[in-house]
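Subject: Structure for your review: salt bridges

Dear colleague,

Please find the structure below, together with its sequence. My notes on charged side-chain pairs follow it.

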Amino acid sequence: EPTKVLEAEQVTRLQSEGLESALSKLDPRSRRIIEARWLANDDGSGATLHTLAEEFGVSAERIRQIEAAALKKMKGSLAAFV
């Protein structure tokens, strides 16, 4: 049905815009962590906490904390697009 297709396309467009908007509000380190962990690979296998910890010279726990804070901030930003 054409209306269903148009609605689905609009939802997809809004989600893409929402994701880009939410990512743009993050600092570069947080954005890099989110992109590496969640958006880098199509097969769903993102970078590990330990790999990113080595890259940034911090502990894996600190990467987890940064990731959690970034996801929380993104969730607030994405609320406007739902």
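A salt bridge is taken here as a side-chain nitrogen of Lys or Arg within 4 Å of a carboxyl oxygen of Asp or Glu. Please note that the model is predicted. By this criterion, Glu61 and Arg64 form a salt bridge, with their closest N and O atoms 2.6 Å apart. These two residues stand three apart in helix α4, so about one helical turn separates them. Glu61 is partly exposed, at 39% relative accessibility, and Arg64 is likewise partly exposed, with a relative accessible area of 38%.

Salt bridges with shared partners also join Glu20, Arg31 and Glu35 into one network. Within it, Glu35 pairs with Arg31, the closest N and O atoms lying 2.9 Å apart. Both belong to helix α2 (residues 28-39) and are four residues apart, about one turn of the helix. Glu35 has a relative accessible area of 28% and is partly exposed; Arg31, at 23%, also counts as partly exposed.

A further pair connects two helices. Arg37 forms a salt bridge with Glu67, with 3.2 Å between the closest N and O atoms. Arg37 lies in helix α2 and Glu67 in helix α4 (residues 60-78), so the pair ties together parts that are 30 residues apart in sequence. Arg37 is partly exposed, with a relative accessible area of 23%, whereas Glu67 is buried, at 6% relative accessibility, because buried means under 20%.

In total, the count comes to five salt bridges.

With kind regards

How values were computed. Residues are numbered from 1 along each chain as its sequence is written. This is a predicted model: local features need pLDDT of at least 70, side-chain atom pairs count only at pLDDT 80 or more; totals for chains, interfaces and linings use all residues. Side-chain values use heavy atoms; hydrogens and water are left out. Buried means under 20% relative accessible area, exposed over 50%, partly exposed in between (1.4 Å probe, protein chains only).
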